[in-house]
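Reader: Hey, I'm new to this one. Can you put it up and walk me through a few spots?

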Amino acid sequence: MKLTSERKGSVLVISFAEEGSLEASNVMDFRESVMGLLKEGDKVVLDLGKVNFMDSSGLGAIVALGRSLSRGEGELRLANITLHVRTVFELTRLHRAFEIYDTVEEAVASFAAD
Amino acid sequence: MGHLAFWPQSWQVALGASALTFLVIAAVVLLTRLGRLRRRWALEGKRPRLRDWTALFEGLPRALREDHELHMRVFRCLGLATLFFGAYYLTWRYSRSINWDALWFSIPLLLAETYSFVGAALFVFTLWRQSWREPPPPPENATVDVFITCYNEPPEVVRRTAEAAIKIRYPHKTYILDDGRREAIRRIAEEVGCGYITRVDNRHAKAGNINNALEVTNGEFILVLDADMIPEPDILDRTLGYFRDEKVAFVQTPQRFYNVPPGDPFDANAPLFYGPILRGKDAWNAAFFCGTNAVLRREALIRMGLFYYVEDMERALKKALTDAWAAVERARWLMERSRGVVELARVRERFERARAAIRKARRALKEGETLSKVISLTGEAVPHLDSLRQSLQRVREDLLAMAADLKAVAQSGEEPGASEARRRLEELAPATERCEQAVRVVQEAAEEVRRTVNIEVTPMATISLTEDLATSVRLHRLGWKSVYHDQVLARGLAPEDLGSTLKQRLRWAQGTLQVFLRERALIKRGLTLAQRLHYFTTLYGYFYFFAAVIYFLWPPIYLLTEIPPVRAYSAEFFWRIVPYLAFNQLMFEFIGWGIPTWRGRQYFQGLFPVWIRALVSVLSGRKLTFHVTPKTRQEGIYLGLIRPQLAICCLTVLGILWGIVKLALGWSREFAGILTNVFWGLYNLLMLSAVVRAAVWRPKERKVQFELEEARAAHPR
């Protein structure tokens with residue numbers, strides 16, 4: 001899976017290179033790619049704008065990513081969520097687990113505000 | 001009520017209602033068969049002659065067992081009769097028969113009888129409707145992972161299971177999940193040609209093992225097999241079809257054991273459970289996952305794990321923060337008591353910082369901030385707790401150093417310094433002890449908080465020792481469906497000695513009680529009324545020990561003291577109790593027709609000390625550990641494990657002998673009472689005999705392979 005990353009100040013923004021899904025069949029791929037980009041303690045914004053489908057394995061991967069970041073000093077915030085993915089988050093009540101922002105800029109700014 | 005002219009006498013009720021029941025049963029049987037026969041004749045276009053009608057009675061016993069509809073109807077008649085006579089007996093017991101002179105004896109017995117009656121009602125409810133299913137054809141192109149969980153089972157056992165798993169016909173991938181991290185098992189996986197998955201620790205035992213494997217595999221469906229459970233090649237073909245219904249989360253199949261000797265001395269096969277009971281639960285969508293021989297839908301597991309992630313996490317955070325707050329307060333109180341002895345200024349500052357950090361996290365949790373925020377705030381409290389602990393440790397070291405100095409002065413014997421030093425030493429000792437306690441308390445709190453912050457998402461619920469039951473409750477609460485497919489599709493090894501059997505039963509009991517008592521599964525939202533009732537029935541069974549103890553003690557107490565628990569062993573008593581017990585027995589015999597259920601009932605009563613231990617351990621809240629049930633034979637005689645049962649046996653024999661002696665020598669005239677209780681004493685001895693026999697039972701050496709072939713031949717599918 002192709003991911004792109006960009007540092008904005010102290011925040012790492014990770015986005016998907018192309019439109020697609022995050023599901024059981026490619027979730028291990030996603031996890032490996034993400035881990036390659038991260039340093040421990042990173043503050044990360046995950047841009048989900050290009051993810052148009054997500055199943056619970058995909059959600060699980062995002063939760064696991066958040067957990068592994070917060071084990072250090074880091075944190076995961078989400079941005080740019082499509083309607084479908086938001087519904088999936090709400091079905092599992094996981095919207096209560098993450099800070100979700102409408103745009104990447106807002107998410108980056110929120111780290112600065114802390 | 002005798003003054004009403006038309007009110008029937010108890011003997012009239014007993015005989016009349018019994019006769020009526022049998023008439024109704026006969027009518028039900030004939031009408032059901034008549035319906036079948038006429039449909040068949042209609043299909044064949046046959047006009048029946050007089051002698052054709054004998055077909056009504058042909059193969060009747062077999063039809064009663066195997067014609068499901070007929071079987072259930074007759075069972076319902078017997079069940080209703082049992083409940084009618086039970087209610088008739090109990091109303092009389094409550095209104096007329098209590099022996100007020102011996103309340104300590106008569107009240108517990110009455111409660112036990114009430115408990116049994118409610119239990120009988122729940123049993124009738126459980127079996128009222130049963131499902132016999134035929135699976136739809138399996139979907140094409142489904143992806144399936146087969147998980148073989150193992151820990152310390154002999155490598156040969158694991159190899160046989162892995163080899164059989166590879167041979168399952170439906171396309172799949174096989175993995176051995178080795179929590180023992182053994183080189184021998186890794187080699188077996190390589191040789192057999194299946195995957196091998198391990199993890200760094202063994203957290204949450206079997207459930208954790210499966211969770212870990214879920215993360216590194218991606219099949220839509222997962223077949224879970226214990227290390228010794230040898231699957232049939234068609235296990236997936238027979239179960240995957242049910243998943244065509246998108247709401248089905250898991251399909252459970254029975255557990256059978258191929259090393260069980262004739263008579264099944266340890267009731268390993270539990271045919272009453274893996275049969276009528278699970279079929280009954282299945283009819284109400286309340287069958288549960290039993291840990292092995294089941295296929296699960298990954299999506300359901302993961303979604304459940306995620307759904308409960310927030311709930312579990314919030315609860316765990318709340319608990320950790322509350323505990324940490326209490327710990328800090330307690331540590332502060334301990335330190336403040338040493339105010340005059342120790343310099344507290346610096347410690348106080350640390351206390352304030354730790355308190356502030358915890359307070360902040362608690363407020364965030366209370367105000368409904370997102371979980372990630374609360375987690376990070378909670379995480380921030382950890383360094384504060386650590387530095388508090390460090391500064392408390394420094395105080396402690398100072399105190400110890402001071403104590404050493406004072407000791408030197410005291411021992412020097414130079415007055416007046418020495419006696420002053422002794423006085424201060426006495427002051428110092430409790431302060432040091434309190435300080436040590438404070439260090440410990442703060443350290444434990446810091447560890448709990450750290451652990452909580454690191455909780456993982458766990459698809460397989462890890463709250464209790466029987467991860468399977470907890471998982472079922474959670475899936476049902478989220479509206480998923482379950483299926484029990486009543487066909488043996490995998491066979492394994494049962495424990496072969498009483499010690500291991502008792503350990504296993506204890507773990508099941510503890511796990512069940514834990515799910516209900518700690519999780520409050522019965523009162524939470526999401527379950528249907530029928531599901532609640534089915535789960536309640538399972539829980540209810542584990543409280544049987546209370547009735548069992550009373551039933552076991554009652555005959556010897558009566559025989560030795562002649563204090564009757566009922567007012568009199570009169571004709572009235574017998575006319576009410578005999579039909580009740582007879583129909584109860586008949587109902588069980590009917591259900592057990594063709595399947596050996598007797599052993600299960602013996603164990604249910606005979607293992608009362610195990611149920612008591614389970615309840616005590618769960619209520620006391622001590623941490624329970626998961627013991628893997630040994631699947632290899634542990635030689636020995638286990639009479640030491642059943643001391644309470646042996647004591648009751650001795651007491652009962654003593655009572656029976658004494659009763660007979662009294663009657664024979666004419667020392668007592670309570671013929672009816674003594675004979676009744678001799679009968680009950682003998683019945684109890686029969687009940688307990690299974691456990692005693694199991695304790696001294698020794699297996700014969702036999703080749704396992706041979707046993708498996710034999711088991712397959714004996715029960716063709």
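Reader: Which residues of helix α3 of chain A are buried?
Author: In α3 (residues 83–91) of chain A, the buried ones are A:V85, A:V88 and A:F89. Buried means 20 or more other C-beta atoms lie within 10 Å of the residue's own; exposed means 12 or fewer, partly exposed is in between, and C-beta atoms are placed from the backbone. Helices (H or I, at least four residues) and strands (E, at least two) are DSSP runs, numbered from the N terminus.

Reader: Where do these numbers come from?
Author: This is a predicted model, where local features need pLDDT of at least 70 and side-chain atom pairs count only at pLDDT 80 or more, while totals for chains, interfaces and linings use all residues. Residues are numbered from 1 along each chain as its sequence is written, and chains are lettered from A and ligands numbered from 1 in the order in which they are written.

Reader: Back to α3(A): what's on the other side, and what do the buried residues pack against?
Author: A:L83 and A:E90 are exposed on the other side. The buried residues of α3(A) pack against β5 (51–54) and α2 (56–71) of chain A, with contact meaning C-beta atoms, placed from the backbone, within 7 Å. Just after the helix, A:R93 takes a positive phi of about 65°.

Reader: New topic. How many residues does each chain put into the contact between A and B?
Author: Chain B gives 20 residues and chain A gives 23.

Reader: Which helix of chain B gives the most there?
Author: That's α10(B), with 8 residues. Both α10 (298–336) and α12 (371–412) of chain B supply at least two residues each to the side touching chain A.

Reader: OK, what about α1 and α18 in chain B, at what angle do they cross?
Author: The axes of α1 (residues 10–44) and α18 (residues 571–591) of chain B come within 8 Å and cross at roughly 20°. Axes here are lines fitted to C-alpha atoms, for helices over the stretch in contact, and angles run from 0 to 180 degrees between N-to-C directions.

Reader: Which residues meet there?
Author: B:S10, B:W11, B:A14 and B:S18 in α1(B) meet B:E572, B:W575, B:R576 and B:P579 in α18(B).

Reader: Last one: is B:K481 buried or partly exposed?
Author: B:K481 is partly exposed, with 18 other C-beta atoms within 10 Å. B:K481 sits in strand β9 (residues 481–484) of chain B.

Reader: And how far is B:K481 from B:W284?
Author: They're 197 residues apart in sequence and 9.8 Å apart in space, C-alpha to C-alpha.

Technical notes
Contact = placed C-beta atoms within 7 Å.
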